[in-house]
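Visitor: Could you take me through this model?
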Amino acid sequence: MWWPAAFKCFKALCRVNYALTALVLGAFSGWVQAADYSGPLFDAHLHYNEEAWNGQAGPHPLGDVLARMQRNGVQAIVANSRPNDGTKALAEAREATRAAGVTVVPFIRLYRNRADYTNWFQDESIYAMVQAEFARGTAAGPYRGIGEFHLYDSANANGPVAKKLMLFAQDQQLAVLAHVDDVAIDLLLAHAPKARLIWAHTGIGGASVERVEALFTKYPQLMGELSYRPGLTCGDGALCPEWRALLLKYPTRFLIGSDTWINQRWLYYDDLMRGYRRWLGDLPPAVARRIAWDNGAALFLTPRP
Ligand SMILES: [Zn+2]
């Protein structure tokens, strides 16, 4: 449970102080909820993969996933799915998404199947697929990004198709959602220094807070998505101090996401969003709102120049 710094206390005095504080704050109904962020959420890392819906019925049909978004206050999503049919299904469900209050921001996934995960960076047929998808667009409007892609060996950031896709993204002002290590961030941005790179999980591979900060300083257009980020929260779901400091230093550079890469993530979607609301509540309200919603909205919900 989060307590305002002003109410922190020590040892024996603690219980008494907490009880008094609870009494005082309890007079204003809903004070516990007030500590959590309660505004809109922009889920900037969402997959609607084949196994989630299986063409239509699946364990998580459209109505199910939209209901999960709606009840959690998720009002916009970056949809990227293996294969792209899942994203197209979301984009085409105009009436249902409108009713759920969810705006779909489509990204082109590079993966037609699981085999593509490990070879996309040198597979010309994937480059051709991305071109065709981009030309086609979606019922929810043009694609706004590519990815999520993975690089299990950062050297593959120099693969011919990786390089071509970075340049394509830069030319077309498409964001790039990349699950890579810190070394690959440098390599990818060397190809296309003006590309808008969203670092999925912001250094899940072990980049320290200091390393993340150095890259954010070096690349002003680099954004960080925070699902699965080790060390982000401590014990009770509160922000760890060093991450809180980084979010406060770069409030315009972070996004949240569900990363529904397996069906289990859909099952726990409520818990994931509750977890975000919990630690967002540790931040000043304006900063929480930026990370929860404004940063994604600024990237994707404003008309392109
Ligand atoms: Zn993912």
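This is a predicted model: local features need pLDDT of at least 70, side-chain atom pairs count only at pLDDT 80 or more; totals for chains, interfaces and linings use all residues.

Visitor: Which residues coordinate the zinc ion?
Guide: His-45 (NE2), His-47 (NE2), Glu-148 (OE) and Asp-259 (OD) do, at 2.0 to 2.2 Å. Donors are N, O and S atoms within 2.8 Å of the metal (3.2 Å for Na, K and Ca); water is not among the atoms, so sites may look incomplete.

Visitor: What is the spacing of the donors along the chain?
Guide: The spacing is H-x1-H-x100-E-x110-D. His-45 lies in strand S1 (residues 41-46) and Asp-259 in the loop between strand S10 (254-255) and helix H12 (263-267), so the pair ties together parts 214 residues apart in sequence. Helices (H or I, at least four residues) and strands (E, at least two) are DSSP runs, numbered from the N terminus.

Visitor: Is His-45 buried or exposed?
Guide: His-45 is buried, at a relative accessible area of 0%; Asp-259 is also buried, at 4%. Buried means under 20% relative accessible area, exposed over 50%, and partly exposed in between (1.4 Å probe, protein chains only).

Visitor: Changing topic, what does Phe-149 touch?
Guide: Leaving aside residues up to four places away in sequence, its contacts (heavy atoms within 4.5 Å) include Leu-110, Trp-120 and Leu-188.

Visitor: How far apart are the axes of H9 and H10?
Guide: The axes of H9 (residues 182-191) and H10 (residues 209-218) are 11 Å apart, at an angle of about 10°. Axes are lines fitted to C-alpha atoms, for helices over the stretch in contact, and angles run from 0 to 180 degrees between N-to-C directions.

Conventions: Residues are numbered from 1 along each chain as its sequence is written. Side-chain values use heavy atoms; hydrogens and water are left out.
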